[in-house]
Structure formats: structure tokens, C-alpha cells
Amino acid sequence: MATTHALWGMLLAVPVLAVAPEHAPAAFLAGLVGGLAPDLDLYAGHRKTLHYPVYASIAAGSALAIAALSPSTWTIGAAVGLAAAALHAVTDALGGGLELRPWEGTSDRAVYSHFHGRWLRPRRLVRYDGAPEDLALAGVAAVPVATAGGDAVATVVVGLFAASAVYVVLRKRLAALAERLVGLIPAPVRPYVPARYLETGG
């Protein structure tokens, strides 16, 4: 879930509270944005266009080194944001594939590695986005972030976790709804619809 990625991105900001608390608000925001940003490619080459498991990890390592040598709101924010984006891309390979119904395990594409020039296969340690174990992972990140981050951060965390819980309850129904709705899409619009919807929607 995008919300799980966001919460884990924010979790990366928690250590900033110990070493540079004055930069923590920017770090939490950067973790949130960095955790969500890769999924902006949802309708344009999902898990390929903005997902860089290797290159984002290299960029994050470089940014962390710069932040350690020259800490500021900008360098720390960039380091946390890039680390959150890298974590997002890397952990997508641990989940299910790109198909509309990932619990069926029919896709061999989890996330694209531009470094390797190929798709990485899904490991399915989390069976699919919106699985109960996905919600559990969201909770693991949510508790320390909400506890350490203060009232404003806690409010964001509660909202993200609540959205996660609703999505988990509705996940399989949403796939069925998408299948029904895809038949209503006008022909001129179909080229812009992700293939995973058209494959099962007719």
C-alpha cells in the first residue's frame, strides 16, 4: 500500500529527532513525500517510471553522507526523502506482482530495475498490496512514528493507518469493481488505461 510506504518513509525520520531535532519536521515531511512519490507513476508505467531500486539507493547513500558532513534542513530532508523513495522501490520487490488480482500470483513483474535492465520478480513475502500482513507492516511503522513525532505527525499517522485499514477491508472488492468499470471506458481513452485492468476487463 502507498500508505505503508509513506509510514515507513516517516519512520526513517525518527533518528533525526535524536541527532538534529530542529530538522525533524522537515525530515518527517520528506519521509512522507519520498515514501509516496514513486507511486505517482501508477497510471504511467507503474513500478517502472518512478521506481529505481538500485539508483535511488545509491542516491540515498550519497545524500546521507552529505547530510552527515553538512547537516541542514535541506540536506537532511533530501537524505530522508531519497532513502524513503529507495526503500519503497526495494520493498516493492518483496510483495506481489502487477496484476489486477495479485493474490492469484500470475505476474512475474514486481518492480523494474533500470540498473539491471529488467523486471525483478515478486517475492510475495507480502502476498499483495492490501493484504493483512501489509496492514501489520503499516502498524509496525505507525506506532513509533506517532509516539515520537508529536501531535501533528501523530494526526497524519492515524489518518494514514485508518486509510490503510479501509483499503484492506475493500481491497478485493475494488478489484472486482475495476473489472466492471473498465468495460465502460470509451475506446479513445483505453490506450491510457494500465494494461492490468484491460487484461481482465475486456
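## Helices H1 and H3

In this predicted model, helix H1 passes helix H3 in a right-handed crossing. Helix H1 spans residues 2–11, and its axis lies 7 Å from that of H3, at an angle of about 145 degrees. On the H1 side, the contact is made by Ala2, His5, Ala6, Gly9 and Met10, which meet Phe28, Gly31, Leu32, Gly35 and Leu36 of H3. Sorted by class, the residues of this contact comprise six nonpolar, four polar and no charged members.

How many of the ten residues of H1 are buried? Seven of them are, so the helix is largely enclosed by the rest of the structure. The buried residues are Thr3, Thr4, His5, Ala6, Leu7, Gly9 and Met10. They pack against several other helices, namely H2 (14–19), H3, H5, H6 and H7.

Leaving aside residues up to four places away in sequence, histidine 5 touches Gly35, Asp39, His88, Thr91 and Asp92.

## Helices H6 and H7

A second pair of helices is formed by H6, covering residues 132–149, and H7, covering residues 151–182. Their axes are 8 Å apart and meet at an angle of about 165 degrees. Angles over 145 degrees count as roughly antiparallel, and H6 and H7 are therefore roughly antiparallel to each other. The crossing of these two helices is left-handed.

Which residues bring H6 and H7 together? From H6, the contact includes Leu135, Ala138, Gly139, Ala142, Val145, Ala146 and Gly149. From H7, the residues they meet are Asp151, Val153, Ala154, Val157, Phe161, Ser164, Ala165 and Val168. By class, this contact holds eleven nonpolar, three polar and one charged residues.

Alanine 146 is situated in helix H6. With a relative accessible area of 24%, alanine 146 is partly exposed. Apart from residues up to four places away in sequence, it touches Ala154 and Val157, and both of these belong to the H7 side of the contact between H6 and H7. Alanine 146 and leucine 7 are separated by 139 residues in sequence, while their C-alpha atoms are 9.7 Å apart in space. Leucine 7 is one of the buried residues of H1.

Glycine 149 also lies in helix H6. When residues up to four places away in sequence are not counted, glycine 149 touches Leu17 and Phe28.

## Salt bridges

Side chains of opposite charge can pair when their charged atoms come close. A search of the whole structure finds three salt bridges.

Are the two partners buried or exposed? Arginine 47 counts as buried at 10% relative accessibility, and aspartate 92 is buried with a relative accessible area of 7%.

Another salt bridge connects arginine 171 with aspartate 129, the closest N and O atoms lying 3.2 Å apart. Arginine 171 is buried, having a relative accessible area of 7%, whereas aspartate 129 counts as partly exposed at 22% relative accessibility. In a further salt bridge, the side chains of arginine 127 and glutamate 133 meet at 2.8 Å, N to O. Arginine 127 counts as partly exposed at 41% relative accessibility, and glutamate 133 is likewise partly exposed, at 22%.

Notes
Residues numbered from 1 in each chain as written. Predicted model: local features only at pLDDT ≥ 70, side-chain atom pairs only at ≥ 80, totals over all residues. Heavy atoms only, no water. Axes fitted to C-alpha atoms, helices over the stretch in contact; angles between N-to-C directions. Helix = DSSP H or I, 4+ residues; strand = E, 2+ residues; numbered from the N terminus. Parallel < 35°, antiparallel > 145°, perpendicular 65-115°, else oblique. Left-handed = near helix turned anticlockwise from the far one by under 90°. Contact = heavy atoms within 4.5 Å. Nonpolar A, V, L, I, M, F, W, Y, C, P; charged D, E, K, R; others polar. Salt bridge = Lys/Arg side-chain N within 4 Å of Asp/Glu carboxyl O. Buried < 20%, exposed > 50% of the residue type's maximum accessible area, 1.4 Å probe, protein only.
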